[in-house]
Structures are given as C-alpha cells and as structure tokens.
Amino acid sequence: MGERLKAFIRKDGHRVETFVDPSAALSRLEEKDFDIVISDIRMGEIDASSDAEGVSESRRTKVIMITGYATLELAGVVDKGAFDFIAKPFKLKEIRQTIEKAAESLEKSGLRKAKEAAAG
C-alpha cells in the first residue's frame with residue numbers, strides 16, 4: 001500500500017518517504033521532521049495509535065491514521081494526537097482531501113515548510 005500511496009502523493013508534488021518496517025519508520029521520525037505522516041494503526045507488533053501522540057506533540061507533524069478497524073478505537077486515535085483518520089477500504093481521493101486539510105492546518109498555523117509527507 002505504501003508504494004501505491006507514494007506514487008499517488010508524489011503526483012500532487014509532495015516529497016514522500018515510505019517504510020515497510022515500522023521500526024525503520026519510527027527511527028526516521030526521530031531523525032527528521034515531516035509535515036504529514038500517514039500510518040496504518042496496526043503495523044505488526046507496533047501500535048501506531050500510541051506513536052501518533054508522541055509524533056504530533058513533539059513536532060509540527062500532522063498524523064493521518066489508516067485503519068481497517070472502523071470502531072471506537074478511532075475516537076481514541078484522534079484523542080491521542082492524530083489529525084484525522086481514514087477507514088479502509090478508502091478511495092485515493094479521500095487521502096488527497098485529508099492531506100490537503102492537514103496541509104491547510106499547517107499553513108494556518110505557520111508550521112508548513114515544504115510539501116513533504118511520510119507514508120508507511
């Protein structure tokens with residue numbers, strides 16, 4: 001899914017990094033600030049919903065969570081710092097709209113520096 005999203009997001013002019021290994025993605029987030037992070041909630045043994053809180057609190061990053069489990073779990077994700085969430089199955093148009101909404105939020109707060117996203 002990351003490679004498909006990467007190609008789609010790049011068409012809109014964003015720089016994108018993708019990760020298959022959740023640990024590598026978390027390591028990269030420690031090294032570099034991203035404007036927007038798109039992540040699946042469940043990535044093997046890592047619960048990305050708890051990581052969303054740390055990423056969004058410590059940086060200017062907007063976190064968009066993707067899930068196949070559209071349950072009350074999603075309300076907790078937003079409470080933990082995610083900017084928004086998208087339920088699977090989703091249309092690429094939904095991703096585009098959510099990225100645009102996150103970018104607008106960053107611009108309004110004066111935090112957006114470049115069209116850059118990380119998808120994993």
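Glu17 is partly exposed, with a relative accessibility of 21% (buried means under 20% relative accessible area, exposed over 50%, partly exposed in between; 1.4 Å probe, protein chains only). The model is predicted, so local features need pLDDT of at least 70 and side-chain atom pairs pLDDT 80 or more, while totals for chains, interfaces and linings use all residues. Residues are numbered from 1 along each chain as its sequence is written, and side-chain values use heavy atoms, leaving out hydrogens and water.

Glu17 pairs with Arg28 in a salt bridge, with 2.8 Å between the closest N and O atoms (a side-chain nitrogen of Lys or Arg within 4 Å of a carboxyl oxygen of Asp or Glu). Because Glu17 lies in strand β1 and Arg28 in helix α2 (residues 22-31), the pair ties together parts eleven residues apart in sequence (helices, H or I, at least four residues, and strands, E, at least two, are DSSP runs numbered from the N terminus). Glu31 joins Glu17 and Arg28 in a network of salt bridges.

Two further bridges deserve a look. Lys88 meets Asp40 at 2.5 Å, between the closest N and O atoms; Lys88 sits in the loop between β6 (84-87) and α5, and Asp40 in strand β2, 48 residues apart. Asp40 is buried, at 11%. Asp84 and Lys101 form a salt bridge at 2.6 Å, N to O, which links strand β6 with helix α5 across 17 residues.
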